[in-house]
Amino acid sequence: MPRLRTVALVAGAALLTRRALRRRVQASPLWPLPALDPPLSGRPRSRALKLLLTAHETIADGVVRLRLEGADLPRWEPGAHLDLVLPSGLVRQYSLCGDPEDTSSYTVATRLVEDGRGGSREVHEQLAEGMELEVRGPRNRFPLVDAPAYVFVAGGIGITPVLPMLRALPGGTEWRLLYCGRTRTSMPYLEEVRKLAGDRLTVVAEDEDGRPDLGALFAGTAEGTAVYCCGPEGLMAAVEEALPEGAALHLERFAPRTGPGGNTEFELELRRSGRTLTVPAGSTVLAAVRRALPDVAYSCEQGFCGTCQQRVLDGEIEHRDELLTDAERRDSMLICVSRARSDRLVLDM
């Protein structure tokens, strides 16, 4: 009898515990779980994949091509890119330039940036065939849209997202390509582009030809033509200025966009830390925060990976990232690139 009484007491206590836990869960502000808003812009973060680096080869001066192999890889469309997680933990974004129908491998290429932040140098000097690398994606911020005609402008490594677009264009499509570079030997995929484009291609090597004639490129451009440009900021700015009326411009940037009013100084409060900082016009929010909180998480510093996302409690945000959805932008920001429109911003840090 004492044993039965003990079992009954234990069972009763377990039942009371479950009921109390149920009441606590139901009293939570997250019960029931709210439905997530569908993304209106940006894309949700992709799951990570582990791929084998099977090729690491130089294809132009300062440019290496990587082949990453796996099984049943997610399909992609021209214009898509991968987030490549380097052994150091840095995350860098590279346009896919292989065959979208190949579900066994991804191909990307990257140029060595001598005065960059270290990612390209790590790719060039520390990656080797046989290594396993983590990637996220693919994601596409630069899709090929339907249009009556196309003009493509690529600067150097900017040919990588454009190349799959050229391969995908149906026969009979009206298009032309301007491919620019410092020298011909620094321009990756130049021979393949020549074969694809034929007389629709204009090659401008700066050391031989100077700057491209955008006026001549756009002469006679038809209404509704889609203009795709990827390359250095100076080239994209020039294309934007020369764009004829009635053409639709599509840009793929290597660096975060600049706000319409430039950068201005503002006050930044870190609520949980009890600190108030000044973010100078020449500094990012991330740089200012790191001076106070050196251990804050960050990675790409270009607004692509989402590592530095922080909740905003007060103030107006100027979003400059390429990742967050409209729902996320209501109360959070990527502090590596985005800034304040207001004189003061309060972060939950």
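The protein chain has an average pLDDT of 86, and 84% of the residues score at least 70; pLDDT is the predictor's confidence in each residue, from 0 to 100. The structure is a predicted model, in which local features need pLDDT of at least 70 and side-chain atom pairs count only at pLDDT 80 or more, while totals for chains, interfaces and linings use all residues. Residues are numbered from 1 along each chain as its sequence is written, and side-chain values use heavy atoms, with hydrogens and water left out. Over residues 14-44 the pLDDT stays under 50, and the model has 17 contacts beyond four places in sequence for this stretch. A contact means heavy atoms within 4.5 Å.

Helices and strands were taken as DSSP runs (helices H or I, at least four residues; strands E, at least two) and numbered from the N terminus. Two strands count as paired if DSSP finds at least two bridges between them. Axes are lines fitted to C-alpha atoms, for helices over the stretch in contact, and angles run from 0 to 180 degrees between N-to-C directions.

Strands β10 and β11 run parallel and are joined by five bridges; Val-227 stands opposite Leu-249 in β11.

Helix α3 (residues 159-168) is largely enclosed by the rest of the structure, because eight of its 10 residues are buried. Buried means under 20% relative accessible area, exposed over 50%, and partly exposed in between (1.4 Å probe, protein chains only). The buried residues of α3 are Ile-159, Thr-160, Pro-161, Val-162, Leu-163, Pro-164, Met-165 and Leu-166. Their cover includes β4 (91-95), β5 (105-111), β7 (149-155), β8 (174-181), α4 (190-197) and β10 (226-230).

A nonpolar core was defined as a set of buried Ala, Val, Leu, Ile, Met, Phe, Trp, Tyr and Cys residues joined through side-chain atoms within 4.5 Å. The largest such core has 28 residues, of which Phe-152, Ile-159, Trp-175, Leu-177, Tyr-179 and Val-193 touch the most other members. At least two residues of this core come from each of β7, α3, β8, α4, β9 (201-205) and β10. The most come from α3, which gives five residues. Not counting residues up to four places away in sequence, Leu-177 touches Phe-152, Val-153, Ala-154, Ile-159, Val-162, Leu-166, Val-193, Arg-200, Leu-201 and Thr-202. Another core lies apart from the largest one and has 25 residues, among them Leu-268, Ile-317, Cys-336 and Leu-347.

A second open sheet has five strands in the order β13-β12-β18-β14-β16, and its pairing is mixed. The edge strands β13 (275-279) and β16 (332-334) each pair on one side only, and the twist averages 40° from one strand to the next. Helix α8 (residues 285-292) packs on this sheet, where it touches β12 (266-270), β13, β16 and β18; the direction of α8 makes about 140° with that of β13. Strands β14 (residues 309-314) and β18 (residues 344-347) run antiparallel and are joined by two bridges. Asp-314 stands opposite Val-346 in β18.

Strand β5 is mostly covered, with seven of its seven residues buried. Ser-105, Thr-107, Ala-109 and Arg-111 point one way from β5, whereas Tyr-106, Val-108 and Thr-110 point the other way. Strand β2 (residues 63-69) runs antiparallel to β5 and is joined to β5 by seven bridges; Arg-67 stands opposite Thr-107. His-124, in helix α2 (residues 119-125), counts as buried at 16% relative accessibility. Leaving aside neighbours within four places in sequence, His-124 is in contact with His-56, Gly-62, Val-63, Val-64, Thr-110, Arg-111 and Leu-112.

The structure holds zero disulfides, a disulfide being a pair of cysteine sulfur atoms within 2.5 Å. The cysteine sulfur closest to that of Cys-180 is in Cys-229, at 8.3 Å, which is too far for a bond. Cys-180 counts as buried, at 10% relative accessibility. For Cys-336, also in no disulfide, the nearest cysteine sulfur is that of Cys-308, 3.7 Å away. Cys-336 is buried, with a relative accessible area of 6%.
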